[in-house]
Amino acid sequence: MDFSYRLISEWLPMFFEALITTLKISALSTVFALCLGSIVASAMSLGNRPLNYILQAYVSIFRNSPLLVQLFFFFYGLPFIGIRISSFMTGVMAITLNEGAFVAEIIRGSINGIPKNDWEAAESLGLSRSQILRKVIFPQAFRNSIPALTGQISLVIKDTSLLSMIMLVELTRVGSMIYNKYFDFAGFIFAAVLYIVIFIVINNFSFVLEKKYRVKR
Amino acid sequence: MEITFLDILNTLKKGALETIKILPLCMLFSLITGTILGAIQSKKIPVVKYLINAYIIVMRGIPPLLLMMVFFFALNINVPFFAAIIVLSIYHSGYITEIVRGGIEAIPKGQFEAAESLGLSNFKIMTKVIIPQIWYQVIPALAGQYIILIKDTALISVIGVREILWSGRQLMQLTFKPFQIFFLIGTFFYLICFTLQQISIWAEKSLKQKIVDSGGRT
């Protein structure tokens, strides 16, 4: 058990690469999760019975089981049915499906929170149901759910640390690589500091975002 | 030797028992620490305030997996079981501190003043008057946090606790039946989380009923 600063400066290029990977995965899965969640939530509010059951099952299953289990499910399971994708794509897929379920639940909540009058008013203008959803309800609901969404999305960066379990070189993995080589936990500490810095940046950014899009009533 | 479905179930059962052993301990410790820190935080003591804030930010920013590795490898805690309990408790008490602080701040100021006018000490005001009242407010958020805690117990297989996911990965190397194994593990977590969710809904409702029955007085 040692702690040396020299190691960190030696491994700095590796850390930088890992940081880029972490950020890339987070950005990709955030965008995909937002899209997936929006689509699922909108489809749920259209009120098609059989579709609703399927979507509810999806949301409930992915919200109530650990991301690590889902990750292993895809990582070990997909090659078995003949689908071979890189661990990067597996990671993005698992995080997207997981966070998409949370995002769907948040947006569905705010769609339900939009007063019924809006639906009726739009209907009286002769808009079809999908048009109402797309042009009237969804923009309002999305704006209302921004505070909850930013909270959820700040968790994505933490989720990416799990991808070290499927042999993807990102921050946590670099930390454990250093530990395995030199029995030195400096790598873990440095990775932790990087994560905390990213979190603080995202947190402040989301604070600005919330302020900008606050609904004035 | 052929490994049957029954063997898989039996092995997973052993792991599941270990998970169930760890869970209540983590829940209890994180609740106790979180409540104490939350009570201190609501007092807004100058220096302590910033220390607890820093602790909360670190816990919110760091991934639980990394925290586990830091504790297990850096602090040389050689018993994985204790390391797991310590890490999960520390991690989640950061969040529970915020939840409890929010609950305390939602209690009307009059309560504090009334208790003070009865001559109670600060400690007694907290423990006898304020804390018992916050649970109704706090239950939904607390249940949400506990569900995250339950899901985080899947991570402790990394530091070698022989819980359900650890057994699952061992089985995976023997049998190569990923779908069965990980589906069963997922179902196990799903059942626990779902039960907890239902309990929290029931508890919230029954507490609400109690308040209504007592004529609006909490």
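# A tour from helix α10 of chain A

Select helix α10 of chain A, whose buried residues pack against α1 (5-10), α2 (12-45) and α11 of chain A together with α3 (64-74) of chain B. Residues count from 1 along each chain as its sequence is written, while chains are lettered from A and ligands numbered from 1 in the order of writing. The model is a predicted one, in which local features need pLDDT of at least 70 and side-chain atom pairs count only at pLDDT 80 or more, whereas totals for chains, interfaces and linings use all residues.

Helices (H or I, at least four residues) and strands (E, at least two) are DSSP runs, numbered from the N terminus. A residue is buried if 20 or more other C-beta atoms lie within 10 Å of its own, exposed if 12 or fewer, and partly exposed in between, the C-beta atoms being placed from the backbone. Two residues are in contact if their C-beta atoms, placed from the backbone, lie within 7 Å.

Remain on α10(A) and colour its buried residues: Leu171(A), Thr172(A), Arg173(A), Val174(A), Gly175(A) and Ile178(A).

Next, select Phe183(A), which follows α10(A) and lies in the loop between α10 and α11 of chain A. Its phi is positive, about 50 degrees, although Phe183(A) is not a glycine. Most residues other than glycine have a negative phi. Phe183(A) counts as exposed because 10 other C-beta atoms lie within 10 Å.

Now move to Met167(A), in the loop between α9 (156-159) and α10 of chain A. Met167(A) also has a positive phi, near 65 degrees. With 9 C-beta neighbours inside 10 Å, Met167(A) is exposed.

## Where chain A meets chain B

Show both chains together. How many residues does each chain bring to the contact? Chain A brings 28 residues and chain B brings 27 residues. On the side of chain A that touches chain B, the elements giving two or more residues are α4 (67-77), α10 (171-182) and α11 (186-212) of chain A. Of these, α11(A) gives the most, with eight residues. Coloured by type, this side of chain A divides into 20 nonpolar, seven polar and one charged. Here Ala, Val, Leu, Ile, Met, Phe, Trp, Tyr, Cys and Pro count as nonpolar, Asp, Glu, Lys and Arg as charged, and the others, Gly among them, as polar.

Select α4(A) next. Nine of its 11 residues are buried, so this helix is largely enclosed by the rest of the structure. The buried residues of α4(A) are Leu67(A), Leu68(A), Val69(A), Gln70(A), Leu71(A), Phe72(A), Phe74(A), Phe75(A) and Tyr76(A). What covers them includes α3 (49-63), α5 (87-113) and α9 of chain A together with α7 (164-175) and α8 of chain B.

## The nonpolar cores

A nonpolar core is a set of buried Ala, Val, Leu, Ile, Met, Phe, Trp, Tyr and Cys residues joined through C-beta atoms within 7 Å. Which members of the largest core, with its 79 residues, touch the most other members? Leu68(A), Leu71(A), Ala191(A), Tyr195(A), Leu66(B), Met68(B) and Ile185(B) do. Helix α4 (residues 80-105) of chain B gives the most to this core, with 11 residues.

A second, separate core has 15 residues, including Ala33(A), Val40(A), Ile106(A) and Ile111(A).

Then centre the view on Leu66(B). Leaving aside residues up to four places away in sequence, Leu66(B) touches Ser161(A), Thr172(A), Gly175(A), Phe188(A), Ala191(A), Ala192(A) and Tyr195(A).

## Chain B as a whole

Chain B has eight helices and zero strands, and its C-alpha trace spans about 75 × 45 × 25 Å along its principal axes. Of its 218 residues, 36% count as buried. Among contacts in chain B between residues at least 6 apart in sequence, 80% join residues at least 24 apart.

Select Phe179(B), in helix α8 (residues 178-213) of chain B. Phe179(B) is exposed, with 12 other C-beta atoms within 10 Å. The C-alpha atoms of Phe179(B) and Glu2(B) are separated by 17 Å, although the two residues are 177 residues apart along the chain.

Finally, colour by pLDDT, the predictor's confidence in each residue, from 0 to 100. Chain B averages a pLDDT of 88, and 97% of the residues score at least 70. The model scores ipTM 0.86 and pTM 0.89.
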